[in-house]
Amino acid sequence: MKWRSLDESSQIDIRPLREIFAERKALIEKYVPQETRDIHSRAVSDLRKSELAGHALKVGNTAPVFQLKDHNGKVVSSADLLVKGRLVICFIRGRWCPFCVGQMEAMNLIASEIQQSGAALVAISPQTVQQSYFMHDQHKLHFPLLSDSGNAVARQFGTVYKVPDYQQALYKRVFVNLPHANGDESWELPIPATFILDRDGTVLCASANEDYTERPEPFDILRMLAQSPA
């Protein structure tokens with residue numbers, strides 16, 4: 001299944017993210033075997049039982065300071081960004097995930113408005129700098145994709161889990177090569193999570209979800225920024 005990207009579309013998709021995801025879920029239900037879907041559902045269910053999202057940073061917590069390489073290999077410092085204003089951080093799994101792609105394309109549509117609000121936007125994934133470059137280039141993104149080797153930063157935000165063996169086996173069968181994409185053999189990923197940080201690093205808004213098919217609406221993020229002016 002090939003997921004349409006912005007540069008392949010005749011027009012930019014401005015529908016709510018929930019509608020875009022509903023369409024992708026329908027395609028998955030139509031074309032992906034039930035056995036495969038059951039494995040992914042089991043993985044989400046097991047993650048929910050672990051209540052991992054409940055261990056992520058919450059509103060009022062202080063976020064860690066970090067330095068990560070962007071898609072061009074340039075070091076980006078959270079401290080430097082926060083000197084200029086608030087910071088929106090999206091933790092994603094990688095370019096191989098159609099829901100991460102959909103979210104990044106949707107966030108791309110509001111990137112300039114985030115900037116106009118006095119905030120910066122970055123996305124963080126465990127994929128290598130090269131994979132981040134490919135994703136940034138393919139989807140014509142206007143914000144940095146940061147490479148979090150070994151999920152070091154995601155771990156500090158409380159969002160990391162290890163892909164269970166039964167799901168690893170499936171990924172290997174369908175050529176989702178996480179060791180290659182992430183540059184390590186850990187088979188660890190972050191659950192999707194979005195944070196808005198104030199200039200002092202305080203978490204103003206936090207959203208983490210064990211279900212990778214559910215992400216915050218971009219315009220809800222804009223509304224949150226408007227409600228917590230710099």
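Phe-175 is exposed, at a relative accessible area of 74%, where exposed means over 50%, buried under 20% and partly exposed in between, with a 1.4 Å probe and protein chains only. The residue sits in the loop between α7 (165-173) and α8 (178-182); helices here are DSSP runs of H or I with at least four residues, strands are runs of E with at least two, and both are numbered from the N terminus. Phe-175 is not a glycine, yet its phi is positive, near 65°. Most residues other than glycine have a negative phi.

Before I continue, please note that this is a predicted model, in which local features need pLDDT of at least 70, side-chain atom pairs count only at pLDDT 80 or more, and totals for chains, interfaces and linings use all residues. Residues are numbered from 1 along each chain as its sequence is written, and side-chain values use heavy atoms, with hydrogens and water left out.

Trp-187 also has a positive phi, of about 55°, without being a glycine. Its place is the loop between α8 and β7 (188-190). Is Trp-187 buried or exposed? Trp-187 counts as buried, at 7% relative accessibility.

I turn now to helix α2. Buried in α2 are Thr-36, Arg-37, Ile-39, His-40, Ala-43, Val-44 and Leu-47. They cover an arc of only 160° around the axis, and therefore lie on the same side of α2; the arc is that of the directions from the helix axis to the C-beta atoms. Glu-35 and Lys-49, on the other side of α2, are exposed. Against what do the buried residues of α2 pack? Their partners are α1 (17-31), β6 (160-162) and α7, with contact taken as heavy atoms within 4.5 Å. Just after α2, Glu-51 has a positive phi of about 55°.

The next residue is Glu-217, in the loop between β9 (203-208) and α9 (218-227). Glu-217 is buried, with a relative accessible area of 13%. Leaving aside residues up to four places away in sequence, Glu-217 touches Pro-16, Leu-17 and Arg-18. A polar atom of the Glu-217 side chain lies 2.8 Å from the backbone nitrogen of Arg-18.

On a 1 Å grid over the protein atoms alone, a cavity is a set of points where a 1.4 Å probe fits but cannot get out; a pocket is an open set with protein on both sides within 12 Å along at least five of seven lines, and lining residues have an atom within 4 Å of a point. Volumes are the space filled by probe spheres set on the points, which are joined across faces, edges and corners.

The count gives one cavity of 30 Å³ or more. The largest cavity has a volume of about 70 Å³. Its lining includes His-40, Ala-43, Val-44 and Leu-47, and also Arg-93 and Tyr-161. The largest share of that lining, four residues, comes from α2.

The second largest pocket holds about 420 Å³. It is lined by 22 residues, of which Leu-81, Gln-115, Ala-120, Leu-121 and Pro-144 are the closest to its centre. Which element gives the most to the lining of the second largest pocket? That element is α4, with five residues.

Conventions:
Polar contact = N/O pair within 3.5 Å; in protein donor to acceptor, adjacent residues only side chain to side chain.
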